[in-house]
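Subject: Structure handover

Hi,

Here is the structure to look through. My notes follow below it.

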Amino acid sequence: MYDDFDTAPAGYPGVASWYGAPPPAREDLVHLCPECRDLMSDVVSLARRLSDPEPEPDWSVALRWLDSLCGGRQAVLSMTDEPLTGPVRVPDLLPPAQRERLESCLTLLGTVADSFFDEEAGVALARALLRVHERAPGVVSGAPSAAQLALGVVWAVGHANGLLHPRGVTTEKELKRHLELTQSGSTLGAKVCAALAGPYAWDVAMRPWSYGYGSRELKALGHTDLLVSGVRRQLVAVRDRALDARQSQGVPPTGPA
């Protein structure tokens, strides 16, 4: 920044230490006019006086996490633990090829639910398939087979509900054997997740904390109606705890999370 890095210009204490250590090579220094020196000195002085920002409260992080899992704050606040119920049917008036693919996949998802999970999980799987078709029909039509599509849906919804290993007991190896597949479900499952995911992004590195009750590893799809009641019951507990903590800090219900 200056020709003589080790000596701060008169009237600008500490500016020469702007670069930190080790100092830059002489050819990397930038010569500044007096006006720019004044500006840089003011910036450095202000930066040193600024206090560190207050850390985000755990309850706020918890609510943002729930936003990503549920699809927004309104979905979080209105969430209940009522069981999912069917039936789920393929819409009428679809082209024959699309209808056949969806019906074949629904049949396979039903056998997976009967063999490994339960009726409620079967509803979540069927809903997810039809929602992917609504949002990204190419994911459905472009799958190599109905069985591979079914595995992709199970991979996404299973991880969103903690049904698959390591959180659950069912392994992908068992699912592939059941569906007579050799290819992993993660590639197509990632496409299913991308089709379902809402605008509330979540980085697992940001996860809180002491909230969660073992549900911190859930994959965020952004749809409460794709979560089984047992999972939503845990999330409701997280929500209520976060809202109580927010209230105890005097933050109004309509205030920022």
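**Overall build**

The protein has ten helices and zero strands. Helices (H or I, at least four residues) and strands (E, at least two) are DSSP runs, numbered from the N terminus. This is a predicted model, in which local features need pLDDT of at least 70 and side-chain atom pairs count only at pLDDT 80 or more, while totals for chains, interfaces and linings use all residues. Residues are numbered from 1 along each chain as its sequence is written, and side-chain values use heavy atoms, with hydrogens and water left out.

Of the 257 residues, 40% count as buried. Buried means under 20% relative accessible area, exposed means over 50%, and partly exposed lies in between (1.4 Å probe, protein chains only). The protein exposes about 14,200 Å², and carbon and sulfur atoms supply 54% of that. These areas come from the Shrake-Rupley method with a 1.4 Å probe; for residues, only the protein chains shown count as cover.

Contact means heavy atoms within 4.5 Å. Among contacts with a separation of 6 or more, 75% are between residues 24 or more positions apart.

**Core**

The largest nonpolar core has 61 residues. Such a core is a set of buried Ala, Val, Leu, Ile, Met, Phe, Trp, Tyr and Cys residues joined through side-chain atoms within 4.5 Å. L109, L129, L149, V153 and L235 have the most contacts inside it. Helix α7 (residues 146-160) gives the most to this core, with ten residues. Leaving aside neighbours within four places in sequence, L109 is in contact with L125, A126, L129, A150, V153 and V154.

**Helix packing**

Helix α2 (residues 58-70) packs on α10 at about 145 degrees, with the axes 9 Å apart. Axes are lines fitted to C-alpha atoms, for helices over the stretch in contact, and angles run from 0 to 180 degrees between N-to-C directions. On the α2 side, the contacting residues include W59, W65 and L69. On the α10 side they include L235, R239 and R246.

**The loop between α9 and α10**

H223 lies in the loop between α9 (186-196) and α10 (229-248). At 9% relative accessibility, H223 is buried. Not counting residues up to four places away in sequence, H223 touches L69, C70, R131, R135 and L196.

A220 is in the loop between α9 and α10 too. A220 is partly exposed, at 27%.

**Aromatic pair**

The structure holds one aromatic pair. The rings of F116 and F117 have centres 6.3 Å apart and planes at 50 degrees, so the pair is tilted. Rings of Phe, Tyr and Trp (its six-membered ring) pair if their centres lie within 6.5 Å; planes under 30 degrees apart count as stacked, over 60 as edge-to-face and the rest as tilted. F116 is partly exposed at 25%, and F117 is buried at 18%.

**Backbone points to check**

Most residues other than glycine have a negative phi, and most peptide bonds are trans. The G86 to P87 bond is cis, with omega near 5 degrees. The H165 to P166 bond is cis, with omega near 15 degrees. L93 is not a glycine, yet has a positive phi of about 65 degrees. L93 is exposed, at 86%. E180 has a positive phi near 60 degrees, and is exposed at 75%.

Best wishes
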